[in-house]
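Please open the model in your viewer and keep the sequence alongside it. The tour below moves from one selection to the next.

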Amino acid sequence: MQGRLMLSAFSFITEREDTMWIDYHVHSRISPDGKSSMEKMCESAAKKGIEELVFTEHYEFYKDKKKNIFFNENYMEGYIREFEKCKSQFQGILHLGLGLEMGQPHVDPENAEKIRERFPFDYLLASVHKIEDIDMKYLCGEKTRERYEEKYCQEVLKMCQTCEFDCLGHLNLYKRYRKQQQNFSETNQQKKLIEKILKTLVRRGKGIEINTSGLRQIREPLPEIGIVMRYKELGGLKITVGSDAHKEAEVGYGFEKICKMLNKAGIYQIARFSGRECFFESI
Ligand SMILES: [Zn+2]
Ligand SMILES: [Zn+2]
């Protein structure tokens, strides 16, 4: 409802062509790998005519809790403070959503639940970035690629079966790390796991994100459009779009292109979230 009201205030923008002007996955400097301040991210979004921006700062979970030296309550409080500041600063210009990108929450479910219940999130994204507490980018070498790509799919499946969240973030993240090896297709085992992941999402009423960072890095979104089509074919409804911007220039990246791709694939609506409630928007 809130989104609908908000939309009418921006009708001059949303009626413009067939473009989506929302971004459901951005990081500011609050995240350890973010490059721009939250204010700069908002300014950039406002300049581009984006009407809704959902911050999904990182919160990584670790199997071995001693390895977590960064993500704690202080981190979250700093995030909320900055968010509230920007929310009032950009009131009437930009609708801001409070989100979180939970990294492998299934490895520390108690802590994940604590964080989820403690703060008033609009949107929760769940992604796998690490296997056995090691970042995927360090694991996907030429010789180890196949093993870890399969392991990644197993971890995503586990997360989807056991965790509470709204949408699955950038499925097939490993493609980002294949670099010149894009031509490899998934093994049969990977394909089976991906099918199971999609069925689990649909059964549990969870959404899937299509992430445009892949368009910047490997010329296809994450996951590729075929996977999103399969999710829809299985009865899935909640598809969100995010740029995974880590600096202001990347906010809203590739949205026109992704919109055309989705339409071509027969997808004419995307999901938005407010207070973790989902509603749909035509594209
Ligand atoms: Zn991510
Ligand atoms: Zn991200």
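Are Glu101 and Asp244 buried or exposed? Select the two together: both Glu101 and Asp244 are buried, where buried means under 20% relative accessible area, exposed over 50% and partly exposed in between, with a 1.4 Å probe and protein chains only. This is a predicted model, in which local features need pLDDT of at least 70, side-chain atom pairs count only at pLDDT 80 or more, and totals for chains, interfaces and linings use all residues. Residues are numbered from 1 along each chain as written, chains are lettered from A and ligands numbered from 1 in the order written, and side-chain values use heavy atoms, without hydrogens or water.

Next, select the zinc ion (ligand 2), which His25 (NE2), His27 (NE2), Glu101 (OE) and Asp244 (OD) coordinate at 2.1 to 2.2 Å; donors are N, O and S atoms within 2.8 Å of the metal (3.2 Å for Na, K and Ca), and because water is not among the atoms, sites may look incomplete.

Move on to the zinc ion (ligand 1), 3.3 Å from the zinc ion (ligand 2), with Glu101 coordinating both. Glu101 (OE), His129 (NE2) and His170 (NE2) coordinate the zinc ion (ligand 1) at 2.1 Å. His170 counts as buried, at 0% relative accessibility.
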